[in-house]
Amino acid sequence: MASLNILVAVSLAYVALLFGVAFLAERAGMRGRAGWLLRSPLVYTLSLSIYCTAWTFYGAVGYAARSGLEYVTIYLGPSLVMVGWWWILRRLVRIGRSHKVTSIADLISSRYGKSNGLAIVVTLMAVIGVTPYIALQLQSVTASLSIFAAGGQEGLADQGAARAAGFWIAVGLAVFTVLFGTRNLNVNERQHGVVIAVAVEAVVKLVALLAVGAFVVWGIAGGVAETLARIDASDLGTWEMDGSRWAGLTFVSAAAFLCLPRMFQVMVVENDDERHLQIASWAFPLYLMMMSLFVVPIAVIGLDLLPAGSNPDFFVLSLPLSQGQEGLAMLSFLGGFSSATSMVIVATLALSTMVSNHVVMPVFLHLHQGGATQSGDVRNVVIMARRLSILTIIALGYIYYQISGGSSALAAIGLISFAGVAQFLPAMLGGIFWRGATRAGALVGLGIGFVVWVFTMLLPSFGPGAALSLATFDSGLWGIGWLRPQALFGVEGLDPTVHAIFWSLLLNVTGFVSVSLMTFPHPLERLQGAQFVNVFEHSGQTRGWQASVAESEDLMIMTQRILGAREAQRLFQTAAEAQGRGGYLPEPTADFLQQLERELAGSVGGATAHAMISQIVGGTAVSVQDLLAVADESAQILEYSNQLEAKSRELTRTAAQLRDANNKLMQLSDQKDAFLSQISHELRTPMTSIRAFSEILRDTDGLGPMEKSKYANIIHVEAIRLTRLLDDLLDLSVLENGQVTLNQQSGRLVDLLDHAVATAEVSEARPITFRRRRLDETVTLHTDLDRLNQVFINLITNAQKYCSADEPELRIEVSRPGEAVVVDFIDNGSGIPPESRDVMFEKFNRIGAEDGSGAGLGLAICREIMARLGGDVRYLEGTGGTGFRVTLPQSQALAAQ
């Protein structure tokens with residue numbers, strides 16, 4: 001019987017092998033060798049296998065033994081993502097490469113205005129959600145050590161020795177991750193050592209599971225037919241399916257596949273080529289199928305052969321030991337060990353990057369007020385922060401395991417962690433597909449989803465009376481019945497896991513969407529949203545940094561402190577040579593600063609890099625084209641290069657147009673106020689006269705015929721004046737609302753002008769001399785002659801009223817350019833002032849304010865009539881007086897509107 005010491009020695013040898021493989025891969029990557037292997041789609045696909053942890057390697061069999069084929073949902077979710085949602089993965093990978101994204105926290109932070117506060121929230125949620133999962137891996141390793149040492153008899157091994165072995169395994173994992181996970185500061189550079197080690201472990205655990213499965217089917221059961229017969233005869237042979245659980249578990253496993261920090265690390269950050277997704281889209285589901293191929297046979301044979309009460313989670317290890325197959329059992333142990341270690345290594349690497357970039361570095365910058373150019377090597381601070389974060393996270397997992405004592409609370413911790421990280425999904429998908437998503441919405445959605453997940457799933461997992469009291473389970477929090485953790489809002493009958501997943505994600509999405517619709521994103525947030533949503537049209541970052549040459553040296557010092565002197569000098573020298581400059585200090589153009597931010601983001605995260613550059617250059621500027629792209633949701637991201645000067649001119653023109661529009665609105669507002677005062681006066685004056693003189697006629701006795709005639713005439717004149725004013729208002733309202741019906745007739749232009757002149761001559765306005773060429777006026781029109789005549793009368797009476805000449809004169813000139821008919825009315829007055837010309841056709845404008853006989857409606861009526869007739873009326877400049885031109889087609893055929 002193999003002893004625990006032998007197994008520990010084998011484990012240490014296996015770890016040493018991984019060290020060697022990782023070391024050789026790192027050396028090859030640094031020298032640019034073996035690129036065909038290090039950057040191959042095969043290695044990329046195998047690296048995705050960190051989804052299959054010890055919970056999957058061991059726990060899938062236990063899951064099948066307890067719940068039948070429901071274990072398939074854990075494999076089905078990722079398979080559906082790879083096959084059906086590959087376009088989402090491609091978008092995430094493109095965004096990750098374009099924006100130098102270092103983690104899922106960095107992605108969400110960069111999308112929502114590079115908000116470090118949001119990144120801290122995501123980081124803390126990830127640490128809380130994943131740390132118990134790390135504890136589960138340590139639990140599986142120590143439990144398998146115990147079972148192996150006891151020869152398959154659970155509980156017979158020295159538990160103290162097993163726990164001690166677990167401690168040293170945790171230490172070894174921490175050391176391995178520190179040595180090979182923090183060698184490069186820029187996490188966007190491939191971690192060749194870690195990735196190759198994970199790929200090797202993927203092969204080991206697959207071979208181990210297939211070997212155990214083949215032994216069970218052909219070595220114990222006697223063949224495929226006998227195995228199928230045993231399955232049919234067992235409880236697992238009965239197909240039972242809870243639709244809500246299958247749907248809920250499939251969805252949450254798919255969400256976790258996208259949102260788990262370790263999966264984001266290998267799938268997005270470590271991706272070298274988007275084309276690798278094409279192969280992974282079928283190769284990884286095939287890998288999962290092979291991992292799950294023998295799960296049911298192992299579960300059925302284990303239930304038949306092993307003693308009652310045996311833990312089905314470890315049938316993969318117990319069955320070979322029970323049959324004396326120590327070599328196979330050791331291979332099985334190494335498979336589970338590989339599953340656990342690969343998960344711990346990559347998860348701690350991803351979490352340490354998030355902690356250092358979004359928690360440690362912002363604190364460091366806050367404590368070092370004055371900028372990133374102060375003394376002190378930021379590079380060493382970042383690397384040390386990541387190493388300490390790795391040690392701390394693994395220590396937290398080990399402490400959690402020790403405190404829980406391997407209790408049943410760890411049994412379902414896989415699904416609990418899945419549901420916890422699934423809370424990132426709305427903010428992540430909403431951010432890459434919906435430009436209206438806001439930082440406030442993301443914060444609210446994440447906060448609500450996280451709180452509901454903790455209350456309905458994490459705390460209840462410890463059992464009644466532990467984290468939550470029995471009264472809370474029975475009567476609800478604070479005695480409120482609809483706040484029961486497994487019957488939230490009074491909804492009963494749902495499976496507890498489905499219940500928690502449903503309510504946490506539903507309230508998360510509701511809060512995210514509602515707050516996003518009620519809030520308006522900041523400019524940088526909107527620009528980042530445009531970049532993310534339209535990443536395939538424009539994969540660059542938002543430009544707009546502004547700096548001076550004097551700041552190049554400060555940028556150089558800051559970059560040296562982060563990237564190191566050699567890397568920083570190489571970057572700056574390359575940029576200077578590209579600009580045609582000598583030395584190490586390039587011109588701090590917007591393109592260079594954008595490139596520098598991307599390089600720094602790969603080391604310290606997007607939010608921190610943005611803050612560090614902002615300390616030196618003082619902020620960013622937004623261009624007009626960017627604002628237009630943000631304002632118009634259907635606009636595509638425009639090409640930015642070589643357009644700054646054109647954008648500046650466009651901004652100036654836009655500002656001038658806005659000023660002109662504002663001045664016009666102010667003039668119209670003043671004229672409206674004047675009109676209301678004028679119209680109230682105009683209406684009140686004739687009504688007052690009519691009332692006064694009618695009372696005289698009614699109440700005064702002894703009036704003579706002449707006095708009665710005089711007062712009656714005054715009443716008549718005032719009534720006509722009042723009627724005319726009301727007619728003008730009604731006429732303009734009808735025209736503007738499009739309710740007028742045109743009376744099409746045929747007639748001669750000369751007759752219309754004769755009638756208009758005659759009408760003006762008999763009016764009370766002062767006399768005016770008319771000059772006409774009647775021969776030019778012999779034009780036949782087919783239009784609404786009455787409406788056109790109304791226009792002519794208005795223009796002629798305006799000339800009578802407002803012409804400033806001592807001897808007023810009006811020229812009426814008719815011409816026929818092309819098929820149109822043009823009639824000009826030009827007097828010999830002083831003209832209309834330039835400041836009044838823009839608003840002269842508005843309905844509240846009065847020309848010649850010193851004459852109070854008009855209400856300022858004449859020209860507005862003329863404009864509406866000509867619009868209905870299909871013509872035009874406008875002011876003529878450069879005529880020496882006041883001139884208006886009426887233009888209309890020779891043949892009118894406009895239908896009534």
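**A walk through helices and a hairpin**

Let us start with helix α7 (residues 86–98), whose 13 residues reach 18 Å from the first C-alpha to the last, close to the 18 Å expected at 1.5 Å a residue. The expected span is 1.5 Å times one less than the number of residues. Helices here are DSSP runs of H or I with at least four residues, strands are runs of E with at least two, and both are numbered from the N terminus.

Before going on, please note that this is a predicted model, in which local features need pLDDT of at least 70 and side-chain atom pairs count only at pLDDT 80 or more, while totals for chains, interfaces and linings use all residues. Residues are numbered from 1 along each chain as its sequence is written, and side-chain values use heavy atoms, with hydrogens and water left out.

Back in α7, the buried residues include Ile88, Leu89, Leu92, Val93 and Ile95, and also Arg91 and Arg94. Buried means under 20% relative accessible area, exposed over 50%, and partly exposed in between, with a 1.4 Å probe and protein chains only. After α7 comes Lys100, with a positive phi near 55 degrees.

Another buried residue is Thr56, which counts as such at 4% relative accessibility. Thr56 sits in helix α4 (residues 54–57). Leaving aside residues up to four places away in sequence, Thr56 touches Tyr51 and Tyr75, where contact means heavy atoms within 4.5 Å.

Now for two helix pairs. Helix α13 (residues 243–259) packs against helix α14 (residues 261–269) at about 60 degrees, with axes 6 Å apart. Axes are lines fitted to C-alpha atoms, for helices over the stretch in contact, and angles run from 0 to 180 degrees between N-to-C directions. α13 and α14 are therefore oblique to each other; angles under 35 degrees count as roughly parallel, over 145 as roughly antiparallel, 65 to 115 as roughly perpendicular and the rest as oblique. Phe257 and Leu258 are among the α13 residues in this contact, and Met263 and Phe264 among those of α14.

Helix α8 (residues 104–111) and helix α25 (residues 523–533) pack at about 120 degrees, their axes 8 Å apart, which makes α8 oblique to α25. Here Leu107, Ser110 and Arg111 of α8 meet Glu525, Gln528, Gly529 and Phe532 of α25.

Finally, strands β8 (residues 872–876) and β9 (residues 883–889) run antiparallel, joined by five bridges; strands pair if DSSP finds at least two bridges between them. Leu876 has Gly883 in β9 as its bridge partner. Six residues separate the strands of this hairpin, and Gly878 in the turn has a positive phi of about 75 degrees.
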